[in-house]
Number of protein chains: 2
Amino acid sequence: MHYFPYVPFLLFLMFHTDPDYSAAYVVIETDARDGLQGCGLTFTLGKGTEVVVCAVNALAHHVLQKDLRDIVGDFRGFYRQLTSDGQLRWIGPEKGVVHLATAAILNAVWDLWAKQEGKPLWKLLVDMDARTLLSCIDFRYITDVLTEEEAYGESGNGTFCFPEEQMLMHGYPAYTTSCAWLGYSDSTLKQLCAAALKDGWTRFKVKVGADLQDDIRRCRLIRDMIGPENTLMMDANQRWDVPEAVQWMSKLAEFKPLWIEEPTSPDDILGHAAISKALAPLGIGVATGEQCHNRVIFKQLLQAHALQFLQIDSCRLGSVNENLSVLLMAKKFGIPVCPHAGGVGLCELVQHLIIFDYISVSTSLQDRMCEYVDHLHEHFKYPVIIRRASYLPPKDAGYSTEMKEESVKKYQYPDGEVWKLLVLKKTER
Amino acid sequence: MHYFPYVPFLLFLMFHTDPDYSAAYVVIETDARDGLQGCGLTFTLGKGTEVVVCAVNALAHHVLQKDLRDIVGDFRGFYRQLTSDGQLRWIGPEKGVVHLATAAILNAVWDLWAKQEGKPLWKLLVDMDARTLLSCIDFRYITDVLTEEEAYGESGNGTFCFPEEQMLMHGYPAYTTSCAWLGYSDSTLKQLCAAALKDGWTRFKVKVGADLQDDIRRCRLIRDMIGPENTLMMDANQRWDVPEAVQWMSKLAEFKPLWIEEPTSPDDILGHAAISKALAPLGIGVATGEQCHNRVIFKQLLQAHALQFLQIDSCRLGSVNENLSVLLMAKKFGIPVCPHAGGVGLCELVQHLIIFDYISVSTSLQDRMCEYVDHLHEHFKYPVIIRRASYLPPKDAGYSTEMKEESVKKYQYPDGEVWKLLVLKKTER
């Protein structure tokens, strides 16, 4: 049971899609004879993974030669060590590249811990006693909203635990983003919608914000396809300023969206609050989170009533540790968590967090669902399982972060076959 | 006058100090026969410069092979191109490592432009007509507070320009941070204070937040040294949570600080607002900004009445372009700008911005001053000149960003003499 030394092994992958999803993939190996590896990742939209890998290398010394028991035995301390490194703090703190790197490393630690315990990550969390769970969270900068003692009181002084049967039987409800990307033709859109409806999907997200008339046409088409009883969400990917967001969404209100996602800059807490206030009479909520960079931003979004749906991200926040603090704050403010997924592996990871949230924190499915994109799962050793538009709880030990050996080999930079072909093609031109 | 192609030349420097200040230094060369180079930098606290350099390289293609006239002719467009790169945006946006890299590149562009115009940067800005000046600013995400048209109206429809004589004669008032770092002995502190008073300094900043009793002793000592008529500021470097900040500062109120700087997380707009409100009856203002990562954060700090002194940073925000937008917003809200300086070259750079602010935007010195740290100026070709505790306006063309050739050679990684010695020492151990 000696878990030192750690040996991180870094690479990045690129998949042929638009955008060119890429990922910094961290593998932690130990000298234990159990053959277990901790795998963690954070993804980018293509370029930039080399910058994240550089940051992982700058942080790696915090993990090397450490014993896993020491890390998880004082997980808050370890988290603080990574996020408050005296010198690296300047190039964050707790945001952007260094925080993405922190996420990749910590995701690998959690994967290893869960594997060592022989449990899927969600079950490791569900079974954990409240004191241990809370000891993973850095409450720094959020104690004005939630203290450790208050969170402990809320837990009923024991374990955070409620029956799991519902989850195991029906899974966690998902919604699909795959039907209505910008740029899809109307016929593609119709075709994808029809297929999704047939597969049992009832919640659909459409991208908006490039052209109002185009949005109106596409939203009408989708609403007609899915009917009034199904749920429609809209996603603007930060395209608008605050006044523009309100004007634009007023024009799309007739299609009854449940929420508008990322209407403006992810840093604009007060802007989201103004949009929320203006759109409330139209019955439209505001959702955001995939680019909210830490718990301090989420704390304020909650304090300012700036969102009605909170979208955690398993690779932007500081891994499970920071996501736990956000789940607990959302619970306190009564705001449903509807995780961001897609990218590379986000579905695989975040399903663990939201299943834990249901069983042990929110205990409700009201207004809750997890994003799903049918993309790149083939590269993962334990890919998500979707049944009747729901995530089935993973049964394999770990955080579902491990990639298939052949995918790693093929897509690794710069030696992977895919990269070599790319270089060859470029040379031939 | 052909200013293409650009050739960025990247390196980093490390100086033997604690922390080990380091800088990503960008040099832009062109094919013009004027021999001019644009020099830009952003500094770090030691580690992390390699990550920033990696990000500069990822962004460099936006500058290479471009004509300077095209860049400054559509500076807003160029700014947007750098900050909204479709793929790199994911690892920001406009924050942390990528934004520091953006600052380094744009600082080099501004230096080159000012050199080409044969003016110090502050004078280039002062002489610019309002339309041109505003065309450098990306108003994206701030139009709910300030639009281009409103800013143009405020400028009196012509140039932003007021008399410069006052500035040229007396300079811009500075304050010193060099007397009272944490860890200085009482005798060092007394000695430094006495020397500073003798040199004409009237404004002093003391670091606080590690130990309350120690703070009380040191603040009493400094206040006794400088007397009641001089100004004392305090700086906590993000050490506290919100409630703790209020409690701690209540205990230090007797020493009459003008402000408490960085009481908590730089991301916590609502936290700073709560602290401001609680400390106002004690006559203590809140100052922050050196780690506020973009104009959207500053916009909200102003909207929420979260600060009484705004501290811009010339190497964290997106260069002159983004700082201009913050100066104009601060003017609208009537909040004095008191820039952050120190680090590597911050004094050299930010003096240009604050001198422009006085001449063309705020036209007031009320409650205004610029930080000064007497440190590392010897490496700059055009170092700051301080007379009677004031910055004298630079007269040399450019942004004062250019380093001495011998310093670059000596401290460049990994070939500089200083680095070779470090490696040698490490090998000998």
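Reader: How many residues of chain B are in contact with chain A?

Author: 58 residues of chain B are in contact with 58 residues of chain A, where contact means heavy atoms within 4.5 Å. This is a predicted model, in which local features need pLDDT of at least 70 and side-chain atom pairs count only at pLDDT 80 or more, while totals for chains, interfaces and linings use all residues. Residues are numbered from 1 along each chain as its sequence is written, chains are lettered from A and ligands numbered from 1 in the order in which they are written, and side-chain values use heavy atoms, with hydrogens and water left out.

Reader: What is the area buried between chain B and chain A?

Author: About 4700 Å², of which carbon and sulfur atoms give 57%. Buried area is the accessible area (1.4 Å probe) that two parts lose on being put together, summed over both. B:K47, B:Q87 and B:W90 supply 19% of the area that chain B buries against chain A, more than any other three residues.

Reader: Why is the pair of A:D267 and B:K95 called a salt bridge?

Author: The closest N and O atoms of A:D267 and B:K95 are 3.0 Å apart. The rule asks for a side-chain nitrogen of Lys or Arg within 4 Å of a carboxyl oxygen of Asp or Glu, so the pair qualifies. A:D267 lies in the loop between β7 and α12 of chain A and B:K95 in the loop between α3 and α4 of chain B, so the pair joins two chains. Between chain B and chain A the count is 6 salt bridges.

Reader: Why does A:D267 count as buried?

Author: Buried means under 20% relative accessible area, exposed over 50%, and partly exposed in between (1.4 Å probe, protein chains only). A:D267 is at 2% and therefore counts as buried; B:K95, at 0%, is buried too.

Reader: How do you know that the buried residues of α11(A) line one face of the helix?

Author: The buried residues of α11 in chain A are A:V242, A:A245, A:W248, A:M249 and A:L252. Seen down the helix axis, they fall within an arc of 125 degrees, so they line one face. The arc is that of the directions from the helix axis to the C-beta atoms.

Note on methods
Helix = DSSP H or I, 4+ residues; strand = E, 2+ residues; numbered from the N terminus.
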